[in-house]
Amino acid sequence: MELSYGGFLHLRKTIRRVHPFSSGGFVEAPSTGKPLRADARRNYERIMATAQAAFAELGPDVALEEIARRAGVGIGTLYRHFPNREVLIEAVYRSNIEQLSEHARELLETHTPATAYEFWLRDYVAWVIANRVLATTLKAGMDRNSPTFALCRASITDATSLLLTAAQNAGAVRPDIEPSDLMRFGHGIGVACETVPEAAERMIDVTLAGLRAESA
């Protein structure tokens with residue numbers, strides 16, 4: 001199976017984007033807390049999508065003016081939604097986490113527990129590789145005990161637990177494996193293969209073989 005982060009995103013019919021100033025699934029104006037107008041919401045979503053692509057292509061230090069240009073908005077519009085680079089990086093990172101977590105649920109809806117769990121580990125490794133620089137940049141400027149990291153950890157842990165428990169109940173995975181184990185395996189492979197992603201497939205296969213239940 002080809003390892004490619006982003007390949008799973010086509011499964012999503014919609015992507016819920018959470019504004020950094022919002023406490024829910026709708027976009028709010030930073031200053032008033034009121035929902036944004038439709039045109040402002042479209043600008044926000046364009047900036048988010050463009051920033052995600054630009055960070056992946058050029059790294060987290062890409063000029064904000066370049067992101068605004070690619071999104072087709074003025075730099076003032078970008079700053080109204082995202083006062084600085086750190087806020088934009090945080091918003092993109094949280095959006096990526098949400099997409100990955102939602103993907104876990106979609107896998108269970110469309111595959112057997114054993115297959116969903118294996119797909120999840122492959123996608124998680126690819127996600128780590130794709131988001132390594134972005135995550136490192138965010139961690140360098142933010143307390144690891146911040147609400148953002150706590151929310152992201154909880155989201156990924158819940159998604160991993162959901163898939164792992166289903167696979168264990170189906171007799172496909174050893175019962176002594178915990179969600180944190182699977183996350184560490186995935187993260188470790190992703191970090192180790194950041195510069196040699198082609199090596200990830202073999203490492204994933206070896207890991208899956210070691211986690212497989214004896215009766216599977």
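Residues are numbered from 1 along each chain as its sequence is written, and side-chain values use heavy atoms, with hydrogens and water left out.

**Colour by confidence**

Now colour by pLDDT, the predictor's confidence in each residue, from 0 to 100. The mean for the protein is 83, and 83% of its residues reach 70 or more. Among the elements, α2 has the highest mean pLDDT (97) and α5 the lowest (89). Next, select residues 1–32, where pLDDT stays under 50. The model has 74 contacts beyond four places in sequence for this stretch, a contact being heavy atoms within 4.5 Å. Where pLDDT is low, the predicted coordinates should not be read in detail.

Back to the whole protein for a moment. Of its 216 residues, 45% count as buried; buried means under 20% relative accessible area, exposed over 50%, and partly exposed in between (1.4 Å probe, protein chains only). Among contacts with a separation of 6 or more, 69% join residues 24 or more positions apart.

**Select residues 63–82**

What does the unreviewed UniProt entry call this span? Its annotation there is "DNA-binding region"; UniProt positions are given in the numbering used here, feature names are shortened, and annotations may be inferred rather than shown by experiment. The span is 75% helix and 0% strand, and its end C-alpha atoms lie 14 Å apart.

Zoom in on Gly74, in the loop between α2 (64–71) and α3 (75–81). Gly74 has a relative accessible area of 37%, so it is partly exposed.

**Find the largest pocket**

Select Tyr93, Tyr124, Lys139, Arg153 and His187 next. Of the 20 residues that line the largest pocket, these are the closest to its centre. On a 1 Å grid over the protein atoms alone, a pocket is an open set of points with protein on both sides within 12 Å along at least five of seven lines, and lining residues have an atom within 4 Å of a point. The largest pocket holds about 540 Å³ of space, a volume being the space filled by probe spheres set on the points, which are joined across faces, edges and corners.

Which elements give two or more residues to the lining of the largest pocket? They are α4 (85–110), α5 (113–140), α6 (147–169) and α7 (179–192). The largest share, eight residues, comes from α5. By type, the lining divides into 10 nonpolar, five polar and five charged residues; Ala, Val, Leu, Ile, Met, Phe, Trp, Tyr, Cys and Pro count as nonpolar, Asp, Glu, Lys and Arg as charged, and the others, Gly among them, as polar.

**Stop at Arg132**

Stay on helix α5 and pick Arg132. At 27% relative accessibility, Arg132 counts as partly exposed. Leaving aside neighbours within four places in sequence, Arg132 is in contact with His187, Val191 and Glu194. Now show Gly190, 58 residues away along the chain: the C-alpha atoms of Arg132 and Gly190 are separated by 8.3 Å.

**Two alanines to finish**

Move to Ala167 in helix α6. Is Ala167 buried or exposed? Ala167 is buried, because its relative accessible area is 0%. Beyond four places in sequence, Ala167 is in contact with Pro113, Tyr117, Ala172 and Val173. Ala116 is 51 residues from Ala167 in sequence, and 8.1 Å from it in space, C-alpha to C-alpha.

Last, select Ala213, in the segment after α8 (200–211). Ala213 counts as buried, at 11% relative accessibility. Not counting residues up to four places away in sequence, Ala213 touches Gly171, Ala172, Val173 and Arg174. Pro175 lies 38 residues from Ala213 in sequence and 7.6 Å from it in space, C-alpha to C-alpha.

Note on methods:
Predicted model: local features only at pLDDT ≥ 70, side-chain atom pairs only at ≥ 80, totals over all residues. Helix = DSSP H or I, 4+ residues; strand = E, 2+ residues; numbered from the N terminus. 1 Å grid on protein atoms, 1.4 Å probe; cavity = no way out; pocket = protein on both sides within 12 Å on 5 of 7 lines; lining within 4 Å.
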